[in-house]
Amino acid sequence: MMFSLEEQARRYATTAHAEMGQRRKYTGEPYIVHPAAVVELVRSVAHDETMLAAAWLHDTVEDTPTTLQDIESHFGEPVARLVAMLTDSAQPDARNRAARKLAHFRHTANASPEAQTIKLADIIDNTHSIVRFDPHFARVYLVEKRVQIGLLKQGDARLWQQASTVIAGGIDQLAQPPYSVPESWFVKQAAKYGG
């Protein structure tokens, strides 16, 4: 039986993450629920099968022993190119988290519109979880994502707007009790990223 490119990617990603015993940080669910959510967000806007395959595979190179060469040999160069654009490259010279993140933001800012669309879907799904389960870390994360999506204007406009709304909503939520994070904190944090 011949499976579609997307189905092959789904199966590959499911196995790769499961073999690592990887689970969602806050819920303990099998990790594949995250790529599945990203795929559905991408499916909700203009897409093709290459984008859907890359959405399933977007975390495999970062989180499993899978290499970009593995992705290319199994799924072809177009899928591997998208996954490479979505993969956080090692930054051995980065002095701190802000420097590492800025390097990654520049990497995704140079990505194709298709890769930026997948990245926006990734940000939307992760933001929901982080704001809900880890409000302390969410403070830093939301500032970072606000900076990053400012560089992802080539991605799908509807997903960009959704990401922007989710991030702004998270910041608004953290400004309210019981968190009561002042706006000045977010401004000071954004300055670390040149924002």
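Modeller: Helices H7 and H9 cross in a right-handed sense. The model you are looking at is predicted.

Biologist: How should I read a pair of packed helices, and at what angle do H7 and H9 pack?

Modeller: Two numbers describe two packed helices: the angle between their axes and the distance between those axes. For H7 and H9 the angle is about 35 degrees, and the axes lie 10 Å apart.

Biologist: Which residues in H7 and H9 meet?

Modeller: From H7 they are Arg97, Lys101, His104, Phe105 and Thr108, and from H9 they are Phe137, Val140, Glu144, Lys145, Val147 and Gln148. Sorted by class, this contact holds 4 nonpolar, 3 polar and 4 charged residues.

Biologist: Now the other pair: at what angle do the axes of H1 and H5 cross?

Modeller: Helix H1, residues 5-19, and helix H5, residues 68-75, cross at roughly 145 degrees, and their axes come within 11 Å. The crossing of H1 and H5 is right-handed. On the H1 side the contact is made by Leu5, Gln8, Ala9 and Tyr12, and on the H5 side by Asp70, Ile71, His74 and Phe75. The class count for H1 with H5 is 5 nonpolar, 2 polar and 1 charged.

Biologist: Next, pockets. How much space lies in the largest pocket?

Modeller: A probe the size of a water molecule, rolled over the atoms, shows where empty space is left. Here the largest pocket holds about 710 Å³ of space. The largest pocket is lined by 33 residues, and those closest to its centre are Arg24, Tyr31, Asn126, Ile130 and Tyr141.

Biologist: Which elements give two or more residues to the lining of the largest pocket?

Modeller: They are helix H2 (33-43), helix H4 (60-63), helix H7 (97-109), H8 and helix H9 (135-149). The most comes from H8, with 9 residues. By class, the lining of the largest pocket has 11 nonpolar, 7 polar and 15 charged residues.

Biologist: Last, the loop between H1 and H2. Which residues does Pro30 touch, not counting residues up to four places away in sequence?

Modeller: Pro30 is found in that loop between H1 and H2, and it touches Gln22, Arg23 and Arg24. The C-alpha atoms of Pro30 and Ala18 are separated by 7.2 Å, although these residues are 12 residues apart along the chain. With a relative accessible area of 41%, Pro30 is partly exposed.

Conventions:
Residues are numbered from 1 along each chain as its sequence is written. This is a predicted model: local features need pLDDT of at least 70, side-chain atom pairs count only at pLDDT 80 or more; totals for chains, interfaces and linings use all residues. Side-chain values use heavy atoms; hydrogens and water are left out. Axes are lines fitted to C-alpha atoms, for helices over the stretch in contact, and angles run from 0 to 180 degrees between N-to-C directions. Helices (H or I, at least four residues) and strands (E, at least two) are DSSP runs, numbered from the N terminus. A crossing is left-handed if the near helix is turned anticlockwise from the far one by less than a right angle, and right-handed if clockwise. Contact means heavy atoms within 4.5 Å. Ala, Val, Leu, Ile, Met, Phe, Trp, Tyr, Cys and Pro count as nonpolar, Asp, Glu, Lys and Arg as charged, and the others, Gly among them, as polar. On a 1 Å grid over the protein atoms alone, a cavity is a set of points where a 1.4 Å probe fits but cannot get out, and a pocket is an open set with protein on both sides within 12 Å along at least five of seven lines; lining residues have an atom within 4 Å of a point. Grid points are joined across faces, edges and corners, and a volume is the space filled by probe spheres set on the points. Buried means under 20% relative accessible area, exposed over 50%, partly exposed in between (1.4 Å probe, protein chains only).
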